[in-house]
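Biologist: I would like to go through a few side-chain and helix features, one at a time. Please give the general idea before each case.

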Amino acid sequence: MPIIVNLDVMMARRKISAGELSRQIGITPANLSILKNNKARAIRFSTLEEICRVLECQPGDILQYVPEE
């Protein structure tokens, strides 16, 4: 998939654990893990909004488009 989720990078920069982030944005740790490991097929805008709010970042800081060759 050409969309890469760099959530772990932003989490490291903000020094927040997966458990703490999942608690603050209101999703299960399992769903956050799916997102972090690029296994998600979609993300709700409301979830993306909460991630950006908690991590104080922009969607482009988390999502990256890499064209397939």
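Modeller: Let us start with charged pairs. This is a predicted model, and the count of salt bridges in it comes to two.

Biologist: What is the general idea behind such a pair?

Modeller: Side chains of opposite charge can pair when their charged atoms come close. In this model, Glu20 forms a salt bridge with Arg23, and their closest N and O atoms are 2.6 Å apart.

Biologist: Where do Glu20 and Arg23 sit in helix H2 relative to each other?

Modeller: Both belong to H2, which spans residues 18–25, and they are three residues apart, so about one helical turn separates them.

Biologist: How is accessibility read for Glu20 and for Arg23?

Modeller: Buried means under 20% relative accessible area and exposed means over 50%, with partly exposed in between. Glu20, at 27%, is therefore partly exposed. Arg23 has a relative accessible area of 58% and is exposed.

Biologist: Which side chains meet in the other salt bridge?

Modeller: Those of Glu50 and Arg53, again at 2.6 Å from N to O. These two lie in helix H4, residues 45–55, and being three residues apart they are separated by about one helical turn. Glu50 is partly exposed at 24% relative accessible area, and Arg53 is partly exposed at 49%.

Biologist: Which residues does Asn6 contact, leaving aside its neighbours within four places in sequence?

Modeller: Asn6 is in contact with Asp61, Ile62 and Gln64.

Biologist: Now the helices. How is a packed pair described?

Modeller: Two packed helices are described by the angle between their axes and the distance between the axes. Here the axes of H2 and helix H3 (residues 29–36) come within 9 Å and cross at roughly 110°. That makes H2 roughly perpendicular to H3, because angles of 65 to 115 degrees fall in that class.

Biologist: Is the crossing of H2 and H3 left-handed or right-handed?

Modeller: The H2 and H3 crossing is right-handed.

Biologist: Which residues in H2 and H3 meet?

Modeller: From H2, Ala18, Leu21, Ser22 and Ile25 take part; in H3 they meet Pro29, Leu32 and Lys36.

How values were computed
Residues numbered from 1 in each chain as written. Predicted model: local features only at pLDDT ≥ 70, side-chain atom pairs only at ≥ 80, totals over all residues. Heavy atoms only, no water. Salt bridge = Lys/Arg side-chain N within 4 Å of Asp/Glu carboxyl O. Helix = DSSP H or I, 4+ residues; strand = E, 2+ residues; numbered from the N terminus. Buried < 20%, exposed > 50% of the residue type's maximum accessible area, 1.4 Å probe, protein only. Contact = heavy atoms within 4.5 Å. Axes fitted to C-alpha atoms, helices over the stretch in contact; angles between N-to-C directions. Parallel < 35°, antiparallel > 145°, perpendicular 65-115°, else oblique. Left-handed = near helix turned anticlockwise from the far one by under 90°.
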